[in-house]
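Try each task before reading its solution.

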Amino acid sequence: MKPEVLSDAAHTLTDAYRTGRTVRSVIDDDKNLTLSHAYEIQREQVRHRVADGDRLRGFKVGLASVPAQREFDVREPVLGRLTGGMFHAGQLSLDAARLHQPRIEPALAFVLGGALRGPGSTVADAARAVEFVLPALEITDSRVEEGARSAPELVADNAGCGGVVLGTTPVALAGTDLRLAGFVLYLNGAVAATGAGGMALGSPLNAVVWAANALGAEGSALEAGQLVLVSSVTPSVPVGAGDTVSATVAGVGAVTAAVER
């Protein structure tokens, strides 16, 4: 696929992110869109955002569970990039006008105290690099009118990254068995979904390792101070104006977000 086609797709998706408008598809001839093409489109969008004054703050591991991978006919997760403008303070309502087709799901945010470089990173390396964990809510969104129809289209649209709300109490990794941690997602006070940490690659920490090794294959790395968001533990729920969503993660804490009316 010609580089100018990928660049045009990145510009189109960047404009959709900026304006709140959706696009019909990532590219016209999407049957030839590969994951490699899609990651190049994703990286160029982030370069646009950084040029606008934003900053790369971390990464998202999407499709971390087997059910999520089956939905897109893949056998491994996908990577998304989180910039500073995607983080929302929990005490402030989310601006619904900036979101296209928002859904929310519970997540864990691993904050790194040291760099983690692949390929070849292990759980032991990740455990040393993680400084603390926060409960989080991931807002997934699609700039494509009917949502991503394939894994490459999802990756090109930055793996569906829409936003992140972080809890406020850091928890040390030591002494917390994230494989067995129970997740409960509430929508307007009612239980909407439940799950356990082991849904994410057997343990959410495995997802951090996967991210480091995936970035290593690109010649990049997770740096100290960056964050890795791991979700796919429960199904996401659609949200709209006036909704309040909260999640509890056993042994880690709770986090709440409200969408403005």
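**Exercise 1: Placing Arg49**

Arg49 is found in helix α2 (residues 35–51), where helices are DSSP runs of H or I with at least four residues, numbered from the N terminus. This is a predicted model, in which local features need pLDDT of at least 70, side-chain atom pairs count only at pLDDT 80 or more, and totals for chains, interfaces and linings use all residues. Residues are numbered from 1 along each chain as its sequence is written, and side-chain values use heavy atoms, leaving out hydrogens and water.

Task: decide whether Arg49 is buried or exposed, and list its contacts beyond four places in sequence.

Solution. Start with the cut-offs: buried means under 20% relative accessible area, exposed over 50%, and partly exposed in between, using a 1.4 Å probe and protein chains only. Arg49 has a relative accessible area of 4%, so it is buried. Next, look for contacts, meaning heavy atoms within 4.5 Å: Arg49 touches Tyr17, Asp54, Thr83, Met86 and Asn158.

**Exercise 2: One face of α1**

Task: find which residues of α1 are buried and what they pack against.

Solution. First, trace helix α1 through residues 3–19. Then pick out its buried residues: Leu6, Ala9, Ala10, Leu13, Thr14, Ala16 and Tyr17. Down the axis of α1, these fall within an arc of 160°, so they line one face of the helix; the arc is taken from the directions from the helix axis to the C-beta atoms. Finally, follow that packing: the buried residues of α1 meet α2 and α5 (151–156). Just after α1, Gly20 has a positive phi of about 85°.

Terms used. Helix = DSSP H or I, 4+ residues; strand = E, 2+ residues; numbered from the N terminus. Expected span 1.5 Å × (residues − 1).
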